Amino acid sequence: MTHSINRRALMRGAVASALGLSSLSALGAETVLASGTSTTALKGNIHHSVARWTFNFLSLEELCLVVKRLGFSAIDLVGPSEWHILKQHGIDSSMCNGAELNLEDGWGDAKFHKPLIENYRKHIDLVSDASYKNLICFSGNARGKDPEEGLKNATKGLKKILAQAEKRGVILQMELFNSKVDHPDYFADNSAWGIELCKRLDSPNFKLLYDIYHMQISEGDIIRTIQNNHQYFGHYHTAGVPGRNEIDETQELYYPAIARAIHATGFKGYVAQEFMPKRATDNEKIESLKAAIRICDV
């Protein structure tokens with residue numbers, strides 16, 4: 001017990017130093033550091049998560065403490081080398097990464113299949129052995145190839161690893177990006193392309209990571225798309241449009257309605273906050289995350 005108390009005291013000091021004492025006070029973080037439990041009650045209809053990279057002003061351990069204090073227990077886009085930190089805090093790795101080459105060299109181009117297959121075979125086992133479920137993947141860029149060629153390439157390549165994913169209980173999730181603002185030349189820049197890939201692969205272990213920010217820029221019609229195609233969507237990301245910032249009244253999407261539409265489909269996966277907080281201080285940025293979780297907690 002003494003060792004546990006000392007460790008919590010050290011962690012309290014470390015987080016206070018990183019965030020400032022006022023940040024901890026505002027969040028009530030002293031409570032979570034002392035007890036390991038949250039005083040924030042969420043409704044439970046939406047399974048919340050947050051993308052690691054958008055809150056990288058915190059260490060992963062600090063983000064785990066903040067997440068627990070805000071009442072949820074998952075972080076997106078953490079690789080195998082840091083899973084032990086999540087496990088120490090009882091936080092789920094809601095979308096694993098690390099198998100991809102990068103965002104541009106993906107499954108839509110056959111010349112990248114060999115290293116991708118090697119990486120994904122290794123990471124599928126790592127994800128399964130760690131008792132996680134989701135592993136992100138990317139279409140990559142077209143580089144002059146038409147959409148049909150990209151679909152054929154992605155189908156051929158992914159089929160070489162899908163049997164292993166099915167056997168190990170891992171779901172490959174291809175993220176949809178916009179090619180208008182953020183990811184020029186990306187193949188999977190619209191829901192129709194991704195849905196057609198799902199149909200061709202015809203596996204419960206291949207889904208789409210439907211990024212609401214990206215698809216609002218690419219095609220809009222977010223709620224209707226979710227209602228009509230939710231069976232192909234295994235994970236959701238949020239962010240405000242325009243700017244990829246807070247999902248509040250400063251931007252064009254109304255996330256309470258979107259969250260209600262997701263819940264109405266019977267979705268049991270994660271909705272992960274992936275916005276870039278634009279507020280000035282660390283404390284304010286954490287308050288932005290707290291507000292975003294409340295907005296989506298329908």
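Hi everyone, let's begin with one aromatic cluster, formed by Tyr210, Phe233, Tyr236 and Phe267. Rings of Phe, Tyr and Trp (its six-membered ring) pair if their centres lie within 6.5 Å; planes under 30 degrees apart count as stacked, over 60 as edge-to-face and the rest as tilted.

A word on the source: this is a predicted model, where local features need pLDDT of at least 70 and side-chain atom pairs count only at pLDDT 80 or more, while totals for chains, interfaces and linings use all residues. Residues are numbered from 1 along each chain as its sequence is written, and side-chain values use heavy atoms, leaving out hydrogens and water.

How many aromatic pairs does the structure hold? There are 11 aromatic pairs. Trp83 and Tyr132 form an edge-to-face one, at 5.1 Å centre to centre with 80° between the planes. This pair links distant parts of the chain, 49 residues apart: Trp83 is in helix α5 and Tyr132 is in the loop between α6 and β4. Helices (H or I, at least four residues) and strands (E, at least two) are DSSP runs, numbered from the N terminus.

Are these two buried or exposed? Trp83 is buried, at 6% relative accessibility, and Tyr132 is buried at 7%. Buried means under 20% relative accessible area, exposed over 50%, partly exposed in between (1.4 Å probe, protein chains only).

Tyr210 sits in strand β6 and Phe233 in strand β7. Tyr210 is buried at 0%, and Phe233 is buried at 3%.
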